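Here's a quick tour for anyone opening this one up for the first time. Have a look at the sequence and the fold, then read on.

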Amino acid sequence: MTRAETAATGTRPAGIVTRVLAGIADAAVIVVIAAVGYLVWTVARLAAQPRTFSWPPTNVWLSTSALSVFAILYFTVFWSTSGRTPGAALLGTRVLSRRRHVLSAPAALLRAIGCVVLPIGLLWCALDGRRRSLQDLVLRSTVVYDWSYRDAEALQD
Amino acid sequence: MGEQATAGARVVVPMPIRAGAGRTMWPRPVQPEPPPPDRTARSPFRILSDLAATTVRAAGAAAGEVAGAVLDGVGRVAGAGGRFAADTGRGVQQAVAAAAGDLVRGVVHRVLAELDLTAIVREHVDLNSLIRSEVDVDAIADRVDLERITTRVDVDAIADRIDLERIVARIDVDAIADRIDLQRIVARVDVDAIADRIDLQRILARIDVDAVAARIDLDAVVARLDLVALANSVIDGIDLPALVRESTGSLGAEAVRGVRVHGMRADDAVAGAVGRLLRRRRPEEDGG
């Protein structure tokens, strides 16, 4: 086991690169799920009213709002249950409270809102000495490396 | 030793033997032999011998008696003592008996020279019947010292004289092989015991594997293989989906692990760069 892997089994806070990669992965998952949901909804409308079927109107604000709400729910559910979203699981990170516990549902919800509304706050972890983003500073949370080689194998099984 | 024929039996009369230097030895009286078996066919030799012996014995005895009587009469006439006369008569009798014996031997030699005894025996004697009735073969066999005979036999010399090639050429090996029950022989063989006694390591050490491999015609072997059928059987025996899952899973785990490790190193690099930019002495990595 390398030095980095040994450190990964500890409680080191994750850096900007890992957290951005995890965020991108989560964003991709969210987009894919939303697209699938949109297609399912459209097909359901087609099945229900085939004669009067028409593609749903494209409203940017509505779509953005719906996607944001879905993203907030997505992050809230994962952070309040296991502390890691699929993207975080892929990169081997976990969101914990200052006391190293999984976030409570309100804290997870607030952190999810903060991340979706102000994602740029994540970049602060690159400047912070303890690798904390703005959301972490406000909610007293932290993102740590939490993986091992065995976890990487289990992730593929 | 003189013989006199009496009523159906021969009585052996002891005769003096001249032992040289004027000494005379008298042998012990011998019991008369039992009469020979009555044989209806007597050989001419036997007849002649008996006739000659009887004649000579009778002549000798008569001459002895005449000489004794003459000497006895002369003794009486001369007035000599009876003892001297008896001794003198006995000496004359011995001389006459010796002369008779020489005569008998001469006659017998002469007869033997004239007759072909072998032809006579072959013609007139039933040797097989004689051997069967008279010869005790078992007793003879008991007296034969086979060990002594064996020690005198030069086996090597006998073996040298044996033409084995000629003997082998006359043997029908196929017929012998047909009579051998190989299954029965194999059933009696303890193969495990034989295998235990075989030193395989020693045998393998003596095998030149390179030479064996050089003699193998791989092209001919490959030409005889049904590679398609072989490949199908191999594929059938392999759980290919499971193999693909394991390999892809392993590859995926390696990929995930690589992404995580590289992400961590990038995090450290960024933190280091920012620390140098902000002139931090060392990056604080302890989470709070």
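**A first look**

A:Arg100 sits at 28% relative accessibility, so it counts as partly exposed. Keep in mind that this is a predicted model.

- Chain A has 157 residues, and 38% of them are buried.
- Its secondary structure comes to 8 helices and 2 strands, and along the sequence chain A runs α-α-α-α-β-α-α-α-β-α.
- Among contacts in chain A with a separation of 6 or more, 67% are between residues 24 or more positions apart.
- Chain B has 16 helices and 4 strands.
- Of the 288 residues in chain B, 10% are buried.
- In chain B, residues 24 or more positions apart make up 41% of the contacts with a separation of 6 or more.

**The largest nonpolar core**

- In soluble globular proteins, nonpolar side chains tend to be buried together.
- Which residues touch the most other members of the largest nonpolar core? They are A:Phe75 and A:Trp79, in a core of 17 residues.
- Both chains take part: helix H3 (60-81), helix H5 (105-117) and strand S2 (141-145) of chain A each give two or more residues, and so does helix H16 (240-277) of chain B.
- H3(A) has the largest share of this core, with 5 residues.

- A:Thr76 belongs to helix H3 of chain A.
- Is A:Thr76 buried or exposed? With a relative accessible area of 12%, A:Thr76 falls under the 20% cut-off, so it is buried.
- Setting aside neighbours within four places in sequence, A:Thr76 is in contact with A:Ala105, A:Ala108, A:Leu109 and A:Ala112.

**The second largest pocket**

- The second largest pocket holds about 590 Å³ of space.
- Its lining takes in 26 residues, and those nearest the centre are A:Gly23, A:Asp26, A:Phe75, A:Cys115 and A:Leu122.
- By type, the lining splits into 18 nonpolar, 5 polar and 3 charged residues.
- Helix H2 (16-48), H3, strand S1 (93-97) and H5 of chain A each supply at least two residues of this lining.
- H2(A) gives the most, with 9 residues.

**The loop between H6 and H7**

- A:Asp128 lies in the loop between helix H6 (124-127) and helix H7 (134-139) of chain A.
- A:Asp128 has a relative accessible area of 13%, so it counts as buried.
- Where does the side chain of A:Asp128 reach at 2.9 Å? To the backbone nitrogen of A:Arg130.
- A polar atom of the A:Asp128 side chain also lies 3.1 Å from the backbone nitrogen of A:Arg131.
- A:Arg131 is in the loop between H6 and H7 too, and is buried, with a relative accessible area of 3%.

**Two positive phi angles**

- Most residues other than glycine have a negative phi.
- A:Arg131 has a phi near 60°, a positive value in a residue other than glycine.
- A:Arg100, from the opening of this briefing, has a positive phi as well, near 65°.
- A:Arg100 is found in the loop between S1 and H5 of chain A.

Technical notes
Residues numbered from 1 in each chain as written. Chains lettered and ligands numbered in written order. Predicted model: local features only at pLDDT ≥ 70, side-chain atom pairs only at ≥ 80, totals over all residues. Heavy atoms only, no water. Core = buried A, V, L, I, M, F, W, Y, C linked by side-chain atoms within 4.5 Å. Buried < 20%, exposed > 50% of the residue type's maximum accessible area, 1.4 Å probe, protein only. 1 Å grid on protein atoms, 1.4 Å probe; cavity = no way out; pocket = protein on both sides within 12 Å on 5 of 7 lines; lining within 4 Å. Points joined across faces, edges and corners; volume = space filled by probe spheres on them. Nonpolar A, V, L, I, M, F, W, Y, C, P; charged D, E, K, R; others polar. Polar contact = N/O pair within 3.5 Å; in protein donor to acceptor, adjacent residues only side chain to side chain. Contact = heavy atoms within 4.5 Å.
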